[in-house]
Amino acid sequence: MYSVPSKLKLFAIIFMVVGAIGIVAGFLTAPSSTEEVKEMMASHGDGHGEHAEDSHATMEHHGGAEAGHDGHEAMNPRLEPAHDGGEDAHYEHVLHQLQNRPWSALYIACFFFFMIALGVLAFYAIQYAAQAGWSPVLFRVMEGITAYLPVGSIIIFILLVLSAFHVNHIFHWMDPELVNPESDHYDALIAGKSGYLNVPFFLIRAAIYLIGWNLYRHFSRRNSLRQDDAEDNRWFKKNFKLSAGFLVFFIVTESMMSWDWIMSFDPHWFSTLFGWYVFAGMMVSAITVISMVAIVLKSQGYLEFVNDSHIHDLAKFMFGFSIFWTYLWFSQFMLIWYSNIPEEVTYFITRIEDYKLPFFGMLVMNFIFPVLLLMNSDYKRINWFVILTGIVILAGHYIDVFNMVMPATVGESWFIGLPEIGSVFFFFGLFVFVVFSALAKAPLLATRNPFVKESKHFHY
Amino acid sequence: MASKTLHAIYTDDDILMQAVKDVRAEHYHIEEVYTPFPVHGLDKAMGLPYTRIAITSFLYGLVGLSVAIVMMNFIMIEDWPQDIGGKPSFSYLENMPAFVPIMFELTVFFAAHLMVITFYMRSKLWPFKKAENPDPRTTDDHFLMVVDAGRNDVKKVADFLTNTGALEIKLVENNDDH
């Protein structure tokens, strides 16, 4: 049995407290009126980086104003509008962006850690359904990580409900003005999608996904614990069937979840392989976290049955899924870049113009770095190498989620500062706390799993 | 000068593995082992060095990548930068996404083919090559270990090999000078 060291608990709590302070500070420093925005911009001078000053222009895309939504408008953010009255509209636009920022930061961090737990759950189900012989010694580690799923689900659902009740405006399409033909802000494109993108259906879908995933997590964990005391393989067989069923449910709901929770930030944009793309990022992060937690526990002497071949296999998965992620990223990017259709290319134009460093930086972190570091067979067995690559991969995939959400909600007013770092710290602390507490609740070896003996002797 | 080798035949890969370990423990020199299929762990038991073919493959891949980049940079950007369907041909980087499929394929092509050719050359395989198999049964269900008798007493080595489970032992004298 594993018991959580009190130092680790303290470590997690410190992160949560510091993070919570950062989050609160983020909300407090967000401006509440255009006057404050003017003051802030004046005192900041050049502001942060290349995109400040007059280059702001007006991108009506998410300001909700005007009907010029054919994408061409948004493509040319440097088109200066007629200056009379454009000034105030501009400040109001920036105000909305700055007010969205702490919410987006919270949402990104919340989703990032949630998707790790969900990815681990999917990986766990795959291991069961494939009857993998190498991984059963890691099942309890995976189960421990998925213990974050219920917690993360509740928080993310609360965030979605808050958006639905207009506490924040990160989901632009939730504004009822946009679908009201009488309104000045009427948006025919969003109105056309309102059969799918409407608040009640959105929340019902979210509830279905979350309940489905959590039910699988609950029953697979229960069956796995029961198998330890069983006389036969009844619970294992149940888990096998459950996992196969879950995987079908998962791939459908995961895809829809990515449209709902991420793609709908840009309600004018659509991409068919988006669900796969989010899935690939989720899997890399999940496998990275599995190997990092396994290495941490092993270094403390709790997983003596995990040998370096298991780590080697996990590192191979990290390597392979990093390439898979890049393949999907590039497929999405290149197809849109190549055809250059205005209605879809705006997505990348805003990202390349306003998010150049995070957009291309994450490519280095998520592709070039892991490919070069994890290509060598020997390096995949060196723990600190796996940890080092893992940290870069996780940071890279945080930035990936950042790039998917931020451009649509805060546009060019982005910065990685207090609210962003605070949110990441808070959810990191929570994640560590929940995961390691769950690890202490059951023995770290699933003793009566029919493949556990093979797994213990796994050697590559 | 004639060298004496002993050809010991085994019929089971587990016994062969144990025999290899025993022979090495006695410090007899194993010249070669012929098996009908890959025996997992045999290279480790024989103490063979690791293959470096993966490293060559990586380097060949880099060559392929460079070939792709240099080729397309010359053709599409330097030699005749046309406007083809509005694609920016002002610099390589600007038009790079369009080149990536070719960069990828040429990397794989060079890495794979040159590695295979390296493998053929290093293991001396080519069409019409004369088979070096000392006993045709080793391609079916027998395993053959060639042990150099050196300056040891042949009888003693042969007895030792019999004890390791060899079914047949044959003394071979090589007079050729290779």
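Mentor: Let us begin with a definition: helices, of at least four residues, and strands, of at least two, are DSSP runs numbered from the N terminus. Please keep in mind that this is a predicted model. In chain B, the elements follow the order β-α-β-α-α-α-β-α-β from the N terminus on, which comprises five helices and four strands.

Trainee: What makes chain B more spread out than a compact globule?

Mentor: The globule rule gives 16 Å for 178 residues, whereas the radius of gyration of chain B is 26 Å. That value is well over the rule, so chain B is more spread out than a compact globule. Along its principal axes, the C-alpha trace of chain B spans about 80 × 35 × 30 Å. The domain assignment gives chain B a domain 1 (3-36 + 141-174) and a domain 2 (53-122), and the C-alpha centres of these two domains lie 49 Å apart.

Trainee: How many helices and strands does chain A have, then?

Mentor: Chain A has 17 helices and zero strands. For its 460 residues the globule rule gives 23 Å, and the radius of gyration is close to that at 23 Å, so chain A is as compact as a globular protein of that length. Its C-alpha trace spans about 80 × 45 × 40 Å along the principal axes.

Trainee: Why are helix 11 of chain A and helix 15 of chain A called roughly antiparallel?

Mentor: The axes of helix 11 (residues 274-299) of chain A and helix 15 (residues 383-409) of chain A cross at roughly 150° and come within 9 Å. Angles over 145 degrees count as roughly antiparallel, and therefore this pair is given that name. The crossing of helix 11 of chain A and helix 15 of chain A is left-handed.

Trainee: Which residues of helix 11 of chain A and helix 15 of chain A meet?

Mentor: Among them are F274(A), Y277(A) and V278(A) in helix 11 of chain A, and N383(A), V386(A) and I387(A) in helix 15 of chain A. By class, this contact has 13 nonpolar, seven polar and one charged residues.

Trainee: What makes helix 6 of chain A oblique to helix 16 of chain A?

Mentor: The axes of helix 6 (residues 139-146) of chain A and helix 16 (residues 418-439) of chain A cross at roughly 135° and come within 7 Å. Roughly antiparallel requires an angle over 145 degrees, and roughly perpendicular one from 65 to 115. The pair is therefore oblique. Helix 6 of chain A passes helix 16 of chain A in a right-handed crossing. R140(A), V141(A), G144(A) and I145(A) in helix 6 of chain A meet F431(A), V435(A), A438(A) and L439(A) in helix 16 of chain A. The residues of this contact divide into six nonpolar, one polar and one charged.

Trainee: How do you know that helix 10 of chain A is roughly perpendicular to helix 11 of chain A?

Mentor: Helix 10 (residues 234-261) of chain A packs against helix 11 of chain A at an angle of about 105°, with the axes 8 Å apart. Angles of 65 to 115 degrees count as roughly perpendicular, so the description applies to this pair. The residues of this contact divide into eight nonpolar, three polar and one charged.

Conventions:
Residues are numbered from 1 along each chain as its sequence is written. Chains are lettered from A and ligands numbered from 1 in the order in which they are written. This is a predicted model: local features need pLDDT of at least 70, side-chain atom pairs count only at pLDDT 80 or more; totals for chains, interfaces and linings use all residues. Side-chain values use heavy atoms; hydrogens and water are left out. Domain bounds come from an automatic or database domain assignment. Axes are lines fitted to C-alpha atoms, for helices over the stretch in contact, and angles run from 0 to 180 degrees between N-to-C directions. Angles under 35 degrees count as roughly parallel, over 145 as roughly antiparallel, 65 to 115 as roughly perpendicular and the rest as oblique. A crossing is left-handed if the near helix is turned anticlockwise from the far one by less than a right angle, and right-handed if clockwise. Contact means heavy atoms within 4.5 Å. Ala, Val, Leu, Ile, Met, Phe, Trp, Tyr, Cys and Pro count as nonpolar, Asp, Glu, Lys and Arg as charged, and the others, Gly among them, as polar. The radius of gyration is taken over C-alpha atoms; the globule rule is 2.2 Å times the number of residues to the power 0.38.
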